[in-house]
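I opened my notebook to record what I looked up in this structure, entry by entry.

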Amino acid sequence: MITGLGVLAPTGIGTEEHWRSVLAGRSAIDRITLFDPAPYPVRLAGQVPGFVAKGRVPSRLIQQTDRWTHLGLAAAEAAIADAGVIPAELPEYEMAVVTSSSSGGTEFGQHEMENLYQHAPDWVGAYQSIAWFYAATTGQISIRHGMRGPCGVLCCEQAGGLDAIGQARRLIRTGAKLVMTGGTDASLCPYGLTAQLTTGQLSTVQDPARAYLPFDADASGYLPGEGGALLVVEDAEAAEARGAGQLYGRVLGYAAAFDPPPGSDRGPVLARTVRTALADARLDAAEVDVVFADALGVPEADRAEAEALAEVFGPRGVPVTAPKTLTGRLYGGGAALDVATALLALRDQVVPHTAGPAAPAPGYEIDLVLGEPRQAGLRTALVVARGHGGFNAALVLGHPHGQPEN
């Protein structure tokens, strides 16, 4: 059972601020201000507005860790508060942390490399050895909140947020009572952007309203972003025993798979991944009420996703949405934010629309929700994610009470 959400996203700091932005279709895509993007072909991104680590993160950790970890620590604090849980009152070895990471502490690492190349090795700080590391956020959350059960990190790019939640469910099933899970990312620095450009999939369109248009005939790639979401996942009986007041939803099913290498005679595995997640949830395709799409914004990838969804659900068989057009793709934090958004959709019985695209491109047989949110009776939601290099993941979420309350 998911009992707490902590959101720090380009669409807002805080779960409700993010949700208001999503329902209003208020885009956070704008010119990068964390550094001067003028020398780069990509100058637009989604940035967390007004985030300052001071006051949200212990001062010593600000100096010792990267912005990605600062965002993760703040999101974890928010999720704990939202869940109404006091970690110090729970057995420390029955609480765990599993997060998703894509690039680790990119900005921190860049500054230390600058010290090395511009000065000398003794200019490189000792904290470089931990601040860049993919598990840094997991470790710092674990230390700060005394969560000493099985901890880990999943490095699966955009798919990682779903994989982390899938691992959290495994830990719950093997004895953990509470798992902090999800992910954040913060790779908006010269080094980070240069690394991302190597994929050839980023949009170089300079109009914020037209740069990231998944499933649209004018799709030209995606835009990056920072932030994400952390979630408190609990054993249902343990949550009830402690009197958890808020239940966002249930993790019903999960699956992951890997695409074959380029040139293989085998096709993409997304449709099979979705079917496996549905089988894990013991649901038929007709019982899924909404799909939160991966929505890469690259025509070839969009077509493959549209074909997979049509194969599983039938042509235009289920409402499909991609609120990430408001934030950009957040890599390690992206799928976790999609899960938080899907849980809010289940709570309020509304499918948020996809801002930006005008209509699905010809041949894309999907019911893409456009223009405005769509009221609907939602019992289940499917979140789909793919990561660079072949990662595929699917997560099925259910209404906390099985049936909508309204």
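**Record.** I noted that UniProt positions are given in the numbering used here, that feature names are shortened, and that annotations may be inferred rather than shown by experiment. The unreviewed UniProt entry gives "domain: Ketosynthase family 3 (KS3)" for residues 1-399.

**Ground rules.** The model is predicted, and local features need pLDDT of at least 70, side-chain atom pairs count only at pLDDT 80 or more, and totals for chains, interfaces and linings use all residues. Residues are numbered from 1 along each chain as its sequence is written, and side-chain values use heavy atoms, with hydrogens and water left out.

**Sheet.** I looked up helices (DSSP runs of H or I, at least four residues) and strands (runs of E, at least two), both numbered from the N terminus. Residues 1-399 are 33% helix and 19% strand, and the end C-alpha atoms of this span lie 10 Å apart. I then followed an open sheet of six strands, in the order β9-β16-β15-β10-β11-β13 and with mixed pairing, where two strands pair if DSSP finds at least two bridges between them. Its edge strands are β9 (250-258) and β13 (367-368), each of which pairs on one side only. Between β9 and β16 (residues 391-398) I found antiparallel pairing over eight bridges, with Phe258 opposite Phe391 of β16.

**Pockets.** For a pocket I used a 1 Å grid over the protein atoms alone: a pocket is an open set of points with protein on both sides within 12 Å along at least five of seven lines, and lining residues have an atom within 4 Å of a point. Grid points are joined across faces, edges and corners, and a volume is the space filled by probe spheres set on the points.

Which residues are the closest to the centre of the largest pocket? The largest pocket has a volume of about 830 Å³, and of its 35 lining residues the closest to the centre are Asp259, Pro268, Ala301, Arg386 and Gly390. Helix α11 (299-313) gives the most to this lining, with seven residues.

The second largest pocket holds about 480 Å³ of space, and among its 25 lining residues Ser102, Ser103, Thr106, Tyr134 and Ala195 are the closest to its centre. Here α8 (190-197) gives the most to the lining, with four residues.

Methods
On a 1 Å grid over the protein atoms alone, a cavity is a set of points where a 1.4 Å probe fits but cannot get out, and a pocket is an open set with protein on both sides within 12 Å along at least five of seven lines; lining residues have an atom within 4 Å of a point.
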